[in-house]
Amino acid sequence: MLNDLDERIVHALAEDARRSYADIGQLVGLSAPAVKRRVDRLRATGAITGFTVRVDPAALGWETEGFIEIYCRRNTSPDSIRRGLERYPEVASASTVTGEADALVQVFASDMRHFERVLERIAGEPFVERTKSVLVLSPLMRRFTSGSPA
């Protein structure tokens, strides 16, 4: 469990992972070396799993976004679903979910035809009984941070 100071550091890094330790220190009231020590500890304990860059999918040619609900055959494990989906570069995220569907998959594709081909391939996976999909018209909000700023 993160304490308040660690949460504020994580929030600052989630907003901009290139932010300097000195800048974060000013935000949270610590010196740059103290922030670095805390970040190193958060990495060592697995609270911070890595640093990355966020790219607009359209900049990479992924103009179409959709979600696919997957309804699985009996006794399909989450690991089987993950293994079946990890081959698809178009899959941005996949989660098991409550409700009627067994999993929800976020897909980015270059266009509608590409999305349709990905949907058909996923629907043809041996563990899939049926699918239901929706397309994103306009992304209204995307958050990449976690927790609330203090």
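**View 1. Surroundings of Ile-70 in the predicted model.** Beyond its neighbours within four places in sequence, Ile-70 is in contact (heavy atoms within 4.5 Å) with Leu-85, Ala-101, Asp-102, Ala-103, Val-105, Ile-122, Phe-127, Val-128 and Arg-130. This is a predicted model, in which local features need pLDDT of at least 70 and side-chain atom pairs count only at pLDDT 80 or more, while totals for chains, interfaces and linings use all residues. Residues are numbered from 1 along each chain as its sequence is written, and side-chain values use heavy atoms, with hydrogens and water left out.

**View 2. The four-stranded sheet.** The open sheet has the strand order E2-E3-E1-E4 with antiparallel pairing, where strands are DSSP runs (E, at least two residues) numbered from the N terminus and two strands pair if DSSP finds at least two bridges between them. Because E2 and E4 (128–135) each have a single partner strand, they stand at the edges, and one side of each is left without a neighbour in the sheet.

**View 3. Pairing of E1 with E4.** Seven bridges join E1 and E4 in the antiparallel sense, and Phe-67 stands opposite Val-134 in E4.

**View 4. The hairpin of E2 and E3.** Strands E2 (residues 91–96) and E3 (residues 103–109) pair in the antiparallel sense over five bridges, with Thr-96 opposite Ala-103 in E3. Six residues lie between the strands of this hairpin, in which Gly-99 takes a positive phi near 100°.

**View 5. Arg-130 and Tyr-71.** The charged end of Arg-130 sits over the ring of Tyr-71, 3.8 Å from its centre; the criterion is CZ of Arg, or NZ of Lys, within 6 Å of the ring centre and within 35 degrees of the ring normal.
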